[in-house]
Amino acid sequence: MRVLFHLCSIIFLLLFFASGTYSSTPGFPNEEEIFDEDIQDTVLASTIDGRLRALDAKTGKIKWTLEEEPVLRSPSAIKQGFTFLPNPLDGSLYVLKNSSLKKLPFNIPQLVHASPCRGTDGIMYAGSKKDVWFGIDPTTGLKSETLSSASADRICPASQKQTIFLGRTEYRVSMFDEKNRGKTWNATFNDYSAHLLPEVNSWPFQHYTSSSHGQILTFDKETGEIQWEADLKQPIVALYLLRNDGLHKLPFEVMGKETMENVQQKF
């Protein structure tokens, strides 16, 4: 009986390792290899309207779109001497005074982290932030789970191997004039949590975006030729590489509309 048990164990181990070897041979990639290869060629473009689009890194073709809250929400009305203009790229702030813009030495996330605080000009700041993680299927962009301090919701059954978690933070800041309670201003800024790419990396493309439109030009670093171009209809605020451990921030250059058009005409 003991001999039979050992024989069965040996047969099971042989079958197990044989099946593992077979699944990883060329032409029959295992599930892990398919997953890694699929996300390896994906660039995520975040636009000001809150959409996160997955683009094929080699062709620029849109794979899927994830809709979230807009990157920035702020009052559109102008109050003389108390109007702040936020930059959707990083949440930096500009104040409009006497028909001129002055950049403040802090951005919205920094204000939220420092609040409650008071400036030397008598402006009081109050802020809050809300963090959320959501799991997505990298091949379809469908959400499977949402995790936050308030709740944890599973939208559909998720395979841990086929799920990548993206972190997003909502920053809210309010400003009050100590001398004039009627002067208030508030804004909401959303930003994804992302790793930074090393300065020296092997990414083969250079990306350029339009400052006022959703156009993106991608050049091959080696040949200097346009690899692909796309129009996402909304200004792009961030580019990321999609990896197993989440997002990796991808550097890009912002061009004015006329400069972008001139570059397109040359190529």
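Predicted model: local features only at pLDDT ≥ 70, side-chain atom pairs only at ≥ 80, totals over all residues.
Strands are DSSP runs of E of at least two residues, numbered from the N terminus.

The largest share of the lining of the largest pocket comes from β7, which supplies five residues. This pocket holds about 330 Å³ of space. Its lining comprises 18 residues, of which K97, L104, D121, I123 and Y125 lie closest to the centre. Two or more lining residues are contributed by each of β6 (92–97), β7 (100–107) and β9 (123–136). By residue class, the lining of the largest pocket consists of eight nonpolar, seven charged and three polar residues.

The second largest pocket has a volume of about 230 Å³. A total of 13 residues line this pocket, and those closest to its centre are E68, K130, V132, R168 and E170. The elements giving two or more residues to the lining of the second largest pocket are β9, β10 (143–148) and β12 (164–177). Among these, β9 makes the greatest contribution, with four residues. Seven charged residues, four polar residues and two nonpolar residues make up the lining of the second largest pocket.

Notes. Residues numbered from 1 in each chain as written. Heavy atoms only, no water. 1 Å grid on protein atoms, 1.4 Å probe; cavity = no way out; pocket = protein on both sides within 12 Å on 5 of 7 lines; lining within 4 Å. Points joined across faces, edges and corners; volume = space filled by probe spheres on them. Nonpolar A, V, L, I, M, F, W, Y, C, P; charged D, E, K, R; others polar.
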